[in-house]
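Colleague: I'd like to learn how to read ligand shells and ring pairs off a model. Could you walk me through one?

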Amino acid sequence: MKVLVTGGSGYIGSHTVLTLLEAGHEVSVLDNLVNSSAESLRRVEELTGKSVTFHQVDLLDEAALNELFASEPVDAVIHFAGLKAVGESTQQPLRYYHNNVTGTINLLRAMDAHGVRTIVFSSSATVYGGQNPYPYIEKMEIGSDNPYGRTKEHIEDILSDLGAADARWRIALLRYFNPVGAHPSGRIGEDPLGIPNNLVPFIAQVAVGRREKLMVFGADYDTPDGTALRDYIHVMDLADGHVAALDYVASHLGVFRWNLGSGIGSSVLDVLHSFERAVGHELPYEITARRPGDLPAFWADPSAALADLGWSTTKTLDQMCEDHWRWQKNNPQGYQDA
Ligand code: NAD
Ligand code: UFG
C-alpha cells in the first residue's frame with residue numbers, strides 16, 4: 001500500500017514509518033515540524049535503505065492538503081499529527097482544539113474529496129478518564145479529564161459519525177497506553193522539546209546528565225510501592241500495532257477501536273529501577289507531591305487487539321529502558337546532535 005503518515009517525523013510516527021517500510025509499504029510523510037525534526041526521517045531512510053517523501057505541510061492549511069492529495073495518490077492515512085502535552089492543553093485549549101480537531105476535519109475532508117477512505121488514528125488511553133475501573137476495555141463509556149484528551153474524544157466521535165454516515169470508510173481508533181523506548185539501533189527515538197513532561201524521557205535526561213534528579217510525583221497512592229501504575233509499551237510494538245490495524249481495515253469496512261497496551265501495570269519506581277539496570281548504576285530521585293490530575297493506576301485490557309489483529313506486545317520494561325537509554329546515550333541532545 002501507499003500510505004500517507006501525518007506527524008510522521010515525530011516520535012511514534014518515525015518508528016511507524018520505519019516499520020511500514022520494512023513491511024513493504026510505500027510511505028510519504030506530512031508534518032509541519034512544530035514538535036519534530038526531519039532528521040528522524042533521514043535516519044529512517046539510512047536504517048531501511050528506502051526513501052520517504054516528505055511534505056512540510058500544516059493540517060490547518062486546507063489548500064496545501066488538497067494539493068498534496070491531488071499530486072500524490074495514496075491508499076490510506078495513518079494520522080499521528082497533533083499536539084499532545086496535557087498540561088499545555090489546559091493553558092491553551094483553543095490552540096489544542098483548533099490544531100487537533102480542525103486539523104483532523106481538514107484532513108478528512110481532503111481524504112474524502114480524493115476518494116481516500118482508510119484511516120488509522122492515534123487516540124489515547126486518556127480518553128477513558130478517571131471514572132472507569134481498570135483494566136480499561138474498549139466498550140467502556142469514555143470521558144477524558146483534560147482538553148488534550150477531549151480533542152481525542154471529539155475526533156473519535158467525528159470518525160465514528162463519519163463511518164456511520166458513509167459505509168465506504170475503514171477506520172481504526174487506536175488507544176495507546178504509555179509509549180516508551182526507541183528503535184534498537186539507537187538512531188531514532190523520542191526527542192522532547194524543553195523539560196520532558198513524561199517519566200521515561202525525564203529519567204533518560206537525568207541519566208545523561210541533563211537533569212539533576214527525578215521528581216517522583218507521589219508515593220502515597222494505594223499501590224504496592226505507593227507510586228502510580230501505568231501500562232508502558234515499547235514504541236516498536238506500538239508501530240507493529242499500526243501495521244496490524246492497517247492490514248485489518250484494508251479488508252474490513254467500518255469503525256474499529258483497539259487498546260494498544262501490554263496489560264501490565266508498572267510503578268514509577270519499577271521504571272526507575274529498570275532504567276538503572278540499563279544504565280548500570282543508581283539514579284538520583286526525590287519523592288515529591290502528587291502531580292495534579294494524575295490517576296493512581298490504569299492499564300489496558302489488550303485482548304481485543306489480540307483477538308482481532310493477532311497483535312500483542314513482545315517487549316519487556318527492561319528492553320524498553322535499554323533501547324531508550326541507547327538512543328539517549330548516543331544522542332544526548334537528541335536530533336540537535338546531528
Ligand atoms: P510527536 O509530537 O513526536 O508527534 C506528533 C507530530 O505531529 C510532530 O512531528 C508534530 O510536528 C506534528 N504536528 C502537530 N501538529 C501538526 C499540524 N497541525 N500539522 C502537521 N503536523 C503537525 O508525538 P508522538 O508522541 O509521536 O505522538 C503521536 C500521536 O500519538 C499524537 O497524536 C499523540 O497525541 C498520540 N499519543 C501519544 C502518546 C504519547 O505518550 N507519546 C500517547 C497517546 C497518544
Ligand atoms: N512521573 C513522575 N515524574 C516525572 C514524570 C512523571 O513521577 O517527572 C509519573 C507520573 O506522575 C505518572 C507516571 O510517572 O504517575 C507516568 O507519567 P507520564 O507523564 O509519563 O504519563 P501519563 O500516564 O501521565 O500520560 C501519558 C501521556 C498522555 C497519555 C497517557 C495515556 O502523557 O498523553 O500517557 O496514554 F494520554
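Colleague: Let's start with ligand 2. How many residues surround ligand 2, and which are the closest?

Modeller: Start with the shell, then look for the nearest members. This is a predicted model, and here 21 residues surround ligand 2. The closest are S124, M215, R230, R291 and D294.

Colleague: Which strand gives the largest share of that shell?

Modeller: Strand β8, residues 214-217, with four residues.

Colleague: And how does the shell around ligand 2 divide into nonpolar, polar and charged residues?

Modeller: You get 13 nonpolar, five polar and three charged. Next, go down to atom pairs and keep side chain and backbone apart. A polar side-chain atom of R230 sits 2.6 Å from an oxygen atom of ligand 2. On the backbone side, a polar atom of F177 is 2.9 Å from an oxygen atom of the ligand, and a polar backbone atom of F217 is also 2.9 Å from an oxygen atom of ligand 2.

Colleague: How much of ligand 2 does the protein bury?

Modeller: Compare the ligand taken alone with the ligand in place. Alone, ligand 2 exposes 690 Å², and the protein buries 90% of that.

Colleague: What are the polar distances to the oxygen atoms of ligand 1?

Modeller: From a side chain, S36 places a polar atom 2.7 Å from an oxygen atom of ligand 1. From the backbone, an N or O atom of F80 lies 2.8 Å from an oxygen atom of ligand 1, while for V34 a backbone N or O atom lies at 3.1 Å from a ligand oxygen.

Colleague: On to the aromatic rings. How many aromatic pairs are there?

Modeller: For each pair, check the distance between ring centres and then the angle between planes. The count comes to 10 aromatic pairs. Take Y134 and W299: their ring centres are 4.8 Å apart and the planes are at 50 degrees, so this pair is tilted. Then ask where the partners sit in the chain. Y134 is in the loop between β5 (118-124) and α6 (147-165), and W299 is in the loop between β13 (285-288) and α10 (303-309), 165 residues apart. Y134 counts as partly exposed, at 39% relative accessibility.

Colleague: What about Y136 and F177: buried or exposed?

Modeller: Both are buried. Their ring centres are 6.2 Å apart with planes at 45 degrees, so Y136 and F177 also make a tilted pair. Y136 lies in the loop between β5 and α6, and F177 in the loop between β6 (170-176) and β7 (178-180), so the pair ties together parts 41 residues apart in sequence. Ring pairs also link Y128, Y136, F177 and F298 into a cluster.

Colleague: Which residue lies over the face of Y221?

Modeller: For that, look for a charged group above a ring. R290 lies over the face of Y221, 4.1 Å from the ring centre.

Key:
Residues numbered from 1 in each chain as written. Chains lettered and ligands numbered in written order. Predicted model: local features only at pLDDT ≥ 70, side-chain atom pairs only at ≥ 80, totals over all residues. Heavy atoms only, no water. Phe/Tyr/Trp six-rings, centres within 6.5 Å; stacked < 30°, edge-to-face > 60°. Helix = DSSP H or I, 4+ residues; strand = E, 2+ residues; numbered from the N terminus. Buried < 20%, exposed > 50% of the residue type's maximum accessible area, 1.4 Å probe, protein only. Lys NZ or Arg CZ within 6 Å of the ring centre and 35° of its normal. Near = heavy atom within 4 Å. Polar contact = N/O pair within 3.5 Å; in protein donor to acceptor, adjacent residues only side chain to side chain. Areas by Shrake-Rupley, 256 points an atom, 1.4 Å probe, with all protein chains shown as cover. Nonpolar A, V, L, I, M, F, W, Y, C, P; charged D, E, K, R; others polar.
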